[in-house]
Structure formats: structure tokens, C-alpha cells
Amino acid sequence: MSNADRPEPTDSSILNNPNHYNPKACEAAQQAKWAADKRFEVSNAKSAKPSRYILSMFPYPSGKLHMGHVRNYTIPDVLSRYYRLKGFEVMQPMGWDAFGLPAENAAIANQTPPAEWTFANIDNMRGQLKRLGLSIDWSREFATCTPEYYRWEQWFFLQLYKKGLVYKKLATVNWDPVDNTVLANEQVVDGKGWRSGAPVEKRDIPMYYFKITDYADELLDDLDKLEGQWPSDVITMQRNWIGRSQGMEVHFPYKNSDDISTLDVFTTRPDTLMGVTYVAVAAEHRLAKLASEQNPDIAAFCEQCKQGSVAEADLAKADKIGMDTGLTVTHPLTGAEVPVWVANYVLMSYGSGAVMAVPAHDERDFEFASKYNLPIKRVIATPDGHEGAYSERGTLVNSGEFDGLDFDAAFAAMLAKLEAQELATRKIQYRLRDWGVSRQRYWGCPIPMINCEYCGNVPVAEEDLPIKLPTDVVPDGRGNPLKNIPEFVNTTCPKCGGPAERETDTFDTFMESSWYYARFVSPNDASHMVDKTAADRWLPVDQYVGGVEHAVMHLLYARFYHKLMRDEGLVSGDEPFKNLLTQGMVLAGTLYRDNDDGSKTYYFAEEVTINLDERGQPIAAVLKADGLPVTIGKIEKMSKSKNNGVDPQQTIDQYGADTVRLYTLFAAPADQTLEWSDDSLKGPYNFLKKVWRQTQDHLQSMNNQDVATSVNIDSSKLDKAAKNLRRKTHETIAKIDHDLGTRLSLNTPVSSLMELGNELGSYMAGITDNTPSTIAVQHEALVTLLTLLSTYAPHICEQLLEQLGIDTLTLTYPVLDDAALQLDTITMVVQVNGKVRGKMDVPPDSDAESLKAQAKAIDSVAKFLTGAIKKEIVVPNKLVNIVVVG
């Protein structure tokens with residue numbers, strides 16, 4: 001039998017044998033070669049080759065890779081290697097999204113400066129990424145927490161400030177009164193600070209904002225350019241987030257001292273205006289403040305509303321509470337007095353801080369009105385039997401002169417009447433809000449502004465950039481430690497020369513991740529934020545890969561930043577990422593016990609013994625430590641909290657990086673979830689061992705013949721098996737080119753390669769005499785297999801190609817031979833009265849008459865031709881059907 005069919009040796013003494021596949025030795029050797037010859041570094045100089053910029057969303061340096069990282073970075077690496085084979089000059093860089101709250105939290109826990117923790121993690125993760133065999137240009141590496149990077153962020157902020165695209169205003173935030181710090185929405189747990197446990201307050205503090213709303217229309221309209229190139233769900237999420245809506249701003253008059261003021265409300269449903277039974281305002285609204293001055297109970301309630309999270313999602317889930325202010329406004333159409341309530345579900349930071357309430361046609365208003373026994377008036381025809389709020393559009397009822405109108409007619413009629421009285425205007429409003437970029441945290445890029453008692457907010461002089469963040473600080477979680485560093489805070493006003501204080505807020509970390517892709521084109525440029533010539537060569541990113549969880553914030557801010565950089569003359573084009581692939585999550589099973597308090601204790605798989613049924617399905621589990629039952633939970637996203645993660649390093653140590661790469665892309669389409677299975681790794685691993693053995697067999701069969709001449713194939717001398725192998729070889733070349741280059745399908749090529757490997761194995765097993773022709777055919781198939789497989793499993797394939805005498809530095813995509821795809825014969829089905837009675841091998845495109853004659857000569861067919869032949873039907877290259885009667 002051939003080597004490909006032999007059992008894999010297990011004796012450890014064989015591991016150094018060159019005929020044995022040793023992933024650890026193989027991968028170390030190839031990675032050393034790549035590093036020595038700087039294989040994947042690319043220049044910004046002009047090249048005759050077309051360019052491809054392929055990029056993954058860069059990682060936060062948490063210290064350790066997880067399987068999500070492995071999948072995320074293997075996808076673009078396969079594409080990078082594919083395009084290099086196709087003759088492209090490919091840039092695939094890597095960097096580190098290094099600022100952020102996790103580093104601060106780790107620093108608090110470990111009593112170490114965030115910088116020290118961050119750079120140690122970067123060193124560790126860099127080594128892990130290199131062990132994966134990623135074809136990264138490491139000469140372009142940077143971390144966003146270095147002054148060399150963030151100085152340009154500060155510089156760009158100053159340019160936008162000069163243009164009036166940056167402003168400062170009060171913003172409502174989550175405030176922890178014990179730790180004296182602002183909390184992100186996700187740090188508020190059940191209305192309390194995640195660390196201190198203190199009830200969270202709403203507090204207004206000054207923050208800097210980017211005028212992203214100035215670009216709202218362009219951000220929305222340019223999504224049309226991304227149709228077919230970005231996932232449709234991402235485009236939809238961005239459209240909804242921007243949320244352009246046409247409506248009406250309605251003015252409800254009220255008397256303020258001796259003047260008439262108006263309560264201004266925007267609505268997309270002016271057709272329901274006759275159904276307004278109350279208006280609700282935020283606790284910070286001027287009418288709420290006016291009522292608070294007159295009623296201490298309302299003042300106390302407004303203070304209560306300032307507790308808890310300011311996140312929309314939290315407010316949606318919170319119990320709706322309110323209080324009647326005793327004030328009223330005048331309905332602009334009916335003249336009736338409408339009560340004003342202060343309610344906790346209205347935020348001052350959204351719109352005007354007031355909403356008109358139509359309980360019959362809005363679920364939230366219905367809930368509130370039902371709770372407080374407020375009137376509910378239906379003004380849209382509602383289906384019989386419907387209960388609760390009816391929010392669909394329809395025909396107006398109970399609306400006086402507007403009865404019988406549909407939405408559009410009612411909109412026009414109400415606008416005409418109210419506009420004439422200056423009580424309404426047509427208005428386009430956006431859900432999108434200006435981007436607040438200030439964060440009251442230490443570990444971030446310092447905002448380059450100075451606060452002067454006399455001059456106000458003054459920009460730092462450009463020649464003083466970068467404003468460096470002190471890196472020897474150990475935060476304690478109680479406020480921003482920058483405020484307590486005199487040498488950082490105390491400075492001189494650039495405008496008047498007097499004493500002043502430096503801004504201690506730092507930038508939102510989305511700032512760093514919004515332009516890093518552009519910095520990669522010229523990462524070491526000390527004179528420019530982005531080198532325009534390099535940007536014109538590489539941008540936009542041809543293929544961007546990352547998680548769908550970044551669909552709105554990161555991807556929207558990056559698109560906004562690109563347009564800002566375009567308008568500054570730094571880059572060309574309107575969009576940063578030409579194509580986007582959102583990879584699916586990696587899932588794994590969970591094992592746990594329920595605790596008395598309702599929580600769960602999760603266990604690692606190695607802590608548990610799992611019993612399987614006869615089909616290999618888990619039926620029960622016990623904890624090894626005590627032998628007591630453990631619940632086998634559902635398949636969920638890998639996470640530390642549920643102890644269902646798989647350590648990539650351990651898996652690589654066991655199977656090798658090539659197997660892990662192959663499995664993560666073979667087991668499921670790249671954009672769908674992957675259910676991890678340790679047992680399933682054995683399939684790809686055995687496939688690679690088989691390919692290794694096939695190569696050793698081939699080397700032996702060549703018997704020192706000249707490899708270069710073995711590729712010259714004389715098709716006229718090939719037997720049927722050889723022609724079939726050649727056909728399979730070139731079918732695989734064509735299919736993988738289409739899958740990777742057009743369909744962006746990364747799992748199907750692996751199946752094709754395994755099929756080619758099986759065909760090659762069958763061919764090699766059936767050879768009885770190694771002639772030059774048979775050697776040439778198997779050589780072509782093997783080299784093709786190794787070349788195409790090298791995009792997925794680069795270490796083993798490049799080592800085997802080198803054993804075959806092939807220079808992997810100049811490796812190119814195999815050339816398709818259309819002639820090899822042609823069939824000498826095809827098999828056609830022969831039917832009698834629609835039932836299959838035989839088959840025949842014939843030349844393709846044979847004439848109909850000869851096919852009929854050959855079909856009737858088949859013994860198994862002829863015995864059914866006992867009656868008169870009424871009709872003979874020929875479907876070219878498929879079947880012959882003979883219709884017999886009698």
C-alpha cells in the first residue's frame with residue numbers, strides 16, 4: 001500500500017524524521033524564513049503590480065488571543081495570500097487599539113500603570129499572532145497609545161476646531177458620587193455604579209463634541225455606494241442609527257409671566273395631533289424647573305429623575321414614572337389646555353426635551369396614561385377588537401375638519417393651517433446626535449485644549465504637540481488622576497500668557513479607531529498625519545473584516561472621519577472601506593450549576609466528565625472534583641465569564657497553526673457562527689498529514705527525475721484516470737479562483753481541496769508503473785493542491801513545495817488549462833417510457849441519430865422495445881427517452 005494509506009506513526013523517536021509531519025518544527029522553520037527575508041513587507045513606492053489593502057479590525061491588547069481573534073485574522077490572511085498568488089502587491093498591517101477602560105480597570109486591580117500592562121500584553125499577543133502564520137507587514141505596526149500616533153489625532157482636532165466642527169456644551173452623564181467619576185452606560189448596573197455600588201446620578205458636565213450631524217445626509221446617502229459590497233444588515237443598522245425622518249415641529253403656546261412662549265415638539269406623526277392628551281418634559285426642562293420653584297414635591301421628583309442611567313436602552317426598560325406639574329400649554333389646533341407632566345423617560349439631551357403624548361397611538365404613552373388615568377383619545381381608525389395602542393397609519397377619526405384624511409393629506413392640511421399661524425414648521429430631524437468625544441478618564445489621548453479664566457477655552461499651539469499623557473500613573477478608580485498631577489494640569493494660556501489649566505478630559509477611544517486604517521499607509525511619517533501619495537496608492541481599504549457588533553459606532557465614526565480627512569485634503573474618495581465582511585462568532589457548549597441565589601457557576605470542559613450515548617451525543621455530566629451532576633447548557637459565544645473558551649495556544653501546541661487555521665474557516669461560512677468542536681479538529685489535521693505523506697510518496701516515485709520537465713504533459717498519452725485527475729485539478733483551480741475572488745466564500749475552497757487530495761490519493765494508489773506521464777500528472781495535481789492550500793495552511797505547504805524544488809518567493813496562482821476541462825466521453829441515461837433502462841458513454845455533443853441508434857443497441861434497453869416506437873427524444877449530453885406503445 002502507499003504511504004498515504006499507512007497508519008500515522010506515534011513513536012516520539014520519529015518526530016525528527018523529515019518523512020513525518022511535525023507541525024511544531026515545520027511552522028517554526030517557515031516563520032523564521034518569513035521573518036528573515038521580510039517576506040510580507042511592502043513599499044509605498046510605485047509598482048507595476050496592482051495593489052490590495054486587506055485589513056482586520058485591530059485588536060485591543062487584552063493579553064491573550066481567543067478563538068474569535070483566530071478566525072478574525074485568518075480570514076483576511078487567506079485573502080491576502082490568495083491575492084499575492086494572483087500577482088497583487090498586498091498590504092496587510094497590524095496594530096493595537098491600546099487606550100481604553102479595560103486597561104484602567106486592570107491597572108486598578110493589579111496596582112500597575114496601564115502603560116506597563118498594555119505594552120506587556122502587546123508583546124505577548126504579537127507573539128501569538130506570529131505563531132498563527134499571518135502574512136502581516138510588521139514594519140507598519142503601531143499602538144494608538146504612543147505619542148507618535150495620538151499627536152496627529154490632537155493636530156486633527158485642532159484643525160476641526162478652527163473650522164467650527166468642534167464645540168463644547170453641557171452634557172448629561174452617569175455620575176458615581178462615591179468614586180467621583182463618569183460611568184459609561186455599561187458600567188451602570190441596576191441603577192448603581194459597577195464598582196462602588198452607589199446610586200448613580202445624572203449630572204451635567206461640559207464636553208467637547210464633533211458636528212457629525214453636519215455630515216448626516218452624506219453619511220446616509222453614501223450608504224447607497226456600499227450596496228452589494230457591505231452586508232445589508234450593517235447598512236440597515238447605519239441607516240436606522242442616522243435615522244433621517246421627515247416630520248413637523250409643533251409649537252404649543254403657554255404664558256410665561258407677561259410673555260407668550262412655546263413648548264416645541266418634533267413629531268413624525270402630526271396626523272395624531274388631535275389625539276394629544278398631555279405633554280411630557282424632561283426633569284431639566286425649563287417648564288419642569290418653573291414648576292419645581294412653585295412645588296417642592298415636583299422639585300424632589302426632578303431630583304429623583306436625575307438618578308439612574310442616561311442610556312436610551314435603560315430608559316426603555318425602566319418603569320415609567322411622572323408627576324403633573326400643574327402647568328398647561330395650549331393645543332395649537334383646538335385651543336384646549338393640555339397638562340404638562342414631567343416624566344423620567346424624557347431626556348433633555350434628545351430633541352427639545354419634550355414630547356407630545358398620544359396614548360391611543362403610542363405604546364409608551366399608552367403605558368404612562370394607563371398608569372396615571374390620563375385620557376386616551378383615538379384619532380386613527382382602529383381595527384375592531386384591537387386593544388392597547390394602535391401605531392399604524394390610517395384614516396383620521398375624531399379629528400374634526402381632518403376626519404377622513406389619510407396620513408399624507410392630514411400632514412399637508414395641518415401644516416398649512418398651523419404654518420399660517422406660525423405654530424408649526426416642516427422639519428427633517430435625525431436620530432443621530434453630535435459625537436461627544438470627551439471622557440473623564442485617565443488612559444486616553446489628552447484633549448489639546450487649555451482652560452483660561454479670562455480667555456475661556458483656548459487651543460494648544462500646534463508646535464507644542466503632542467500633549468503627552470503621563471504614563472507612570474496608577475489610577476485608583478476614584479476620579480481622573482490627571483486632575484491631581486500639577487505638572488500636567490498647570491500651564492500658561494497661549495492667548496494671554498496668564499496662568500491656566502490644561503484640559504484633563506481625554507478622547508473617546510473611538511477616536512483612535514476611526515482613522516488608524518489611514519495611518520497604516522504611512523505609519524512612520526513624522527511630518528504628516530497621512531501621506532497623501534501613499535494614501536492614494538492604498539486607500540480605500542479593499543477588504544475590511546470584523547465583527548458585526550461594530551456595525552454602528554466604529555464603522556459610522558470611521559466613515560465620518562474619512563470624510564473629515566478628505567475635506568482636509570489628507571485622503572481621496574468618500575468611503576474608507578470598499579468591501580466589508582462581518583465574521584460570525586465562535587460558539588461553544590457551556591457547563592454549569594445553579595446557585596441558590598439564582599446565579600450560575602460555570603466550569604471548564606476539562607473539569608467535567610461527560611457521558612455520551614451510542615451516537616456520541618452528550619447525555620449527562622459530573623464534576624470531577626466531587627462526582628456530582630453538572631448541567632450541560634446551550635451553545636453560546638465563547639467568553640471568560642462562562643468558562644467555555646478554547647485557548648488557541650493549547651490547540652496550536654496540539655495540532656499546529658495550520659490545522660487551526662484550516663478548521664476555523666472550513667467548519668462554517670465565514671459570516672456565520674462557528675460551533676467549536678475539539679473532535680472536529682482531527683479531520684483537517686488528518687488531511688494535512690495525508691498531504692504530507694502524498695508528497696513524500698511523490699518524491700520517491702520521481703526517482704531523481706528533473707522536476708522542471710515533469711510538468712510537461714502530453715495529453716495524447718494520458719489514460720482515462722490521468723485525464724480525470726487533470727480535469728479535477730483544473731476544475732479546482734477555476735472553482736477556488738471564483739470562490740475567493742468573486743464569491744468571498746472561504747469554507748468551500750477547503751472542501752474542493754480535500755476532494756482534489758482524495759482524487760490524487762486514488763490516482764497514486766492505482767498507479768502500477770511510474771512513467772514520465774503519470775509522474776507529470778500527479779506532480780501537476782500535487783503542486784496545484786499545495787499552492788492553493790498554502791493560502792489556508794501556509795507552513796506545511798511552503799515546506800513541501802520547497803521539497804519539490806519550487807521557489808515559494810515567486811509562487812503564483814496555477815494557470816487554468818481550459819483544454820483539461822474538456823471531457824472525452826460523457827455518460828448519458830437511456831429511458832424507455834420515462835424509466836431508466838440503461839446508460840452509455842458517448843463523445844460530448846454527439847449527433848442525435850447516432851445516439852438513438854446506440855441507445856437501441858443496448859441489451860438492457862432493447863428487451864423493452866417490444867412495441868411500436870412512437871417517439872425518440874434526445875436531450876443533448878443528458879438522456880435519450882424512447883416512447884413505446886403497444
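Of the 886 residues of the protein, 52% count as buried. The model is a predicted one. It holds 26 helices and 35 strands, and its C-alpha trace spans about 110 × 85 × 65 Å along the principal axes. Among contacts with a sequence separation of 6 or more, 70% are between residues 24 or more positions apart.

**Helix α9**

Helix α9 covers residues 296-305, and Ile-298, Phe-301, Cys-302 and Cys-305 in it are buried. Viewed down the axis of α9, these buried residues fall within an arc of 100°, so they line one face of the helix. An α-helix has 3.6 residues a turn, so residues three or four places apart point the same way.

The N-terminal end of α9 is capped by Asn-295. A side-chain oxygen of Asn-295 lies 2.8 Å from the backbone nitrogen of Asp-297.

**A four-stranded sheet**

An open sheet is formed by four strands in the order β18-β17-β20-β19, with antiparallel pairing. Its edge strands are β18 (456-459) and β19 (490-492), each of which pairs on one side only. From one strand to the next, the twist averages 45°. Within this sheet, β17 (residues 449-452) and β20 (residues 499-502) run antiparallel and are joined by two bridges. Ile-450 has Arg-502 in β20 as its bridge partner.

**The α21-α22 pair**

Helix α21 comprises residues 720-743 and helix α22 residues 748-766. The two pack at an angle of about 170°, with their axes 9 Å apart. Angles over 145 degrees count as roughly antiparallel, and α21 and α22 are therefore roughly antiparallel to each other.

On the α21 side, the residues that meet α22 include Ala-721, Ala-722, Leu-725, Ile-736 and Leu-740. Also on that side are Asn-724, Lys-728, Thr-729, Thr-732, Lys-735, Asp-739 and Arg-743. On the α22 side, the residues in contact include Pro-749, Leu-753, Leu-756, Leu-760 and Tyr-763. Thr-748, Ser-752, Glu-755 and Glu-759 of α22 also take part.

Notes
Residues are numbered from 1 along each chain as its sequence is written. This is a predicted model: local features need pLDDT of at least 70, side-chain atom pairs count only at pLDDT 80 or more; totals for chains, interfaces and linings use all residues. Side-chain values use heavy atoms; hydrogens and water are left out. Buried means under 20% relative accessible area, exposed over 50%, partly exposed in between (1.4 Å probe, protein chains only). The arc is that of the directions from the helix axis to the C-beta atoms. A polar contact is a pair of N or O atoms within 3.5 Å; within protein, one must be able to donate a hydrogen and the other to accept it, and residues adjacent in sequence count only if both atoms are side-chain atoms. Two strands pair if DSSP finds at least two bridges between them. Axes are lines fitted to C-alpha atoms, for helices over the stretch in contact, and angles run from 0 to 180 degrees between N-to-C directions. Angles under 35 degrees count as roughly parallel, over 145 as roughly antiparallel, 65 to 115 as roughly perpendicular and the rest as oblique. Contact means heavy atoms within 4.5 Å.
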